[in-house]
Protein chains: 2
Amino acid sequence: MFSKRIMKTLLLLFVVASSVAFCAAKPDLERERAALLKAEADFEKARAEKGLEGWLSFFADDTADVAPGYPITSGKEAMRRRLEKQWNPNLKLTWTPAKADVAASGDLGYTFGTWELTGQSQDGSPIRETGKYSTVWKKQRDGSWKVVLDLGNSDPEKK
Amino acid sequence: MFSKRIMKTLLLLFVVASSVAFCAAKPDLERERAALLKAEADFEKARAEKGLEGWLSFFADDTADVAPGYPITSGKEAMRRRLEKQWNPNLKLTWTPAKADVAASGDLGYTFGTWELTGQSQDGSPIRETGKYSTVWKKQRDGSWKVVLDLGNSDPEKK
């Protein structure tokens, strides 16, 4: 049906086309940055609506936990054990990302911004604290972005 | 010299070989993790030996600055202006990374660990503070890793 010459030319074209297609399959970084900003908003909403479980649902199973005053631990279960003792449902945490960026491979990204904590302390006194945060996100096998590191500083109290 | 058939076969082989070589040129992630840990040690040494200039030399030109009590700014020059007013040469900052990891593309990575600040405050009183930090690193065009985001929390004072 085809001559050998045509077969060879087709084979060459196929190899070139598939190589180009394979190499060019780069992540859409603008889309990934937007996905991180959406994850930030969903994360905030999950915490507001579901408390501790909502908060934990945005962390990767292998997240680090770097809370002030505690040793660094690895894994979401260690984070859960710490937070179950400390969680105060009378506090509202909100945050505003200033930027999101991702690696060229689209598997690692980070966000940072400002946070505000308001509500009542365990003893009933009013709380209003602010600061900045840095969050490192890792894309999971299911395509979702989850937090592997989340750390915040605190602005000094206004005097 | 060569028949057309041999030329075509060679061309096909060349296309396949170069496609495989190009696609397989993946970063050596173990090496990049080790490079980040080395950058951490060099960063600490530069600060100890050269003060503010040593500190700044490890930040990317487009670094964010997320210091407590200040607005978020973008760029090393804004960071420099803030630090020139605040720098206390009588403080020693040391840190110990707990982990370094990088994206599959080898262009973005992060480290975290613990820090310790010792020395004397501006009014001469002794200081010893500890906390944790999170640093995001971006590989620069010259192949070096530089900091684009560096944020630390503070352990509560021991009472």
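Analyst: Start with the sheet of chain A. Strands of a sheet pair through backbone hydrogen bonds, either parallel or antiparallel. Here, in a predicted model where local features need pLDDT of at least 70, side-chain atom pairs count only at pLDDT 80 or more, and totals for chains, interfaces and linings use all residues, chain A has an open sheet of four strands in the order E3-E4-E5-E6, paired antiparallel. E3 and E6 of chain A are at the edges with a single partner strand each, so one side of each has no neighbour in the sheet. From one strand to the next, the twist averages 25°. Residues are numbered from 1 along each chain as its sequence is written, and chains are lettered from A and ligands numbered from 1 in the order in which they are written.

User: What counts as a strand, and what counts as a pair?

Analyst: Strands (E, at least two residues) and helices (H or I, at least four) are DSSP runs, numbered from the N terminus. Two strands pair if DSSP finds at least two bridges between them. E5(A) and E6(A), for instance, pair antiparallel over seven bridges, and A:Lys139 has A:Trp145 in E6(A) as its bridge partner.

User: Which helix lies across E3, E4, E5 and E6 of chain A, and at what angle to E3(A)?

Analyst: Axes are lines fitted to C-alpha atoms, for helices over the stretch in contact, and angles run from 0 to 180 degrees between N-to-C directions. Contact means C-beta atoms, placed from the backbone, within 7 Å. The helix is H2 (residues 29-56) of chain A, running at about 175° to E3(A).

User: How do I relate the two chains?

Analyst: Two copies of a chain are related by a rotation about an axis and a shift along it. Superposing by least squares on C-alpha atoms of residues with pLDDT of at least 70 in both, chain A goes onto chain B with an RMSD of 0.5 Å, by a turn of 180° and a shift of 0.1 Å along the axis. The two copies are thus related as by a two-fold rotation axis.

User: How many residues of chain A are in contact with chain B?

Analyst: 33 residues of chain A contact 33 residues of chain B. H1(A) gives the largest share of chain A's side, seven residues. The copies meet through the same surface, because 100% of the interface residues of chain A are also interface residues in chain B.

Definitions and conventions. Two residues are in contact if their C-beta atoms, placed from the backbone, lie within 7 Å.
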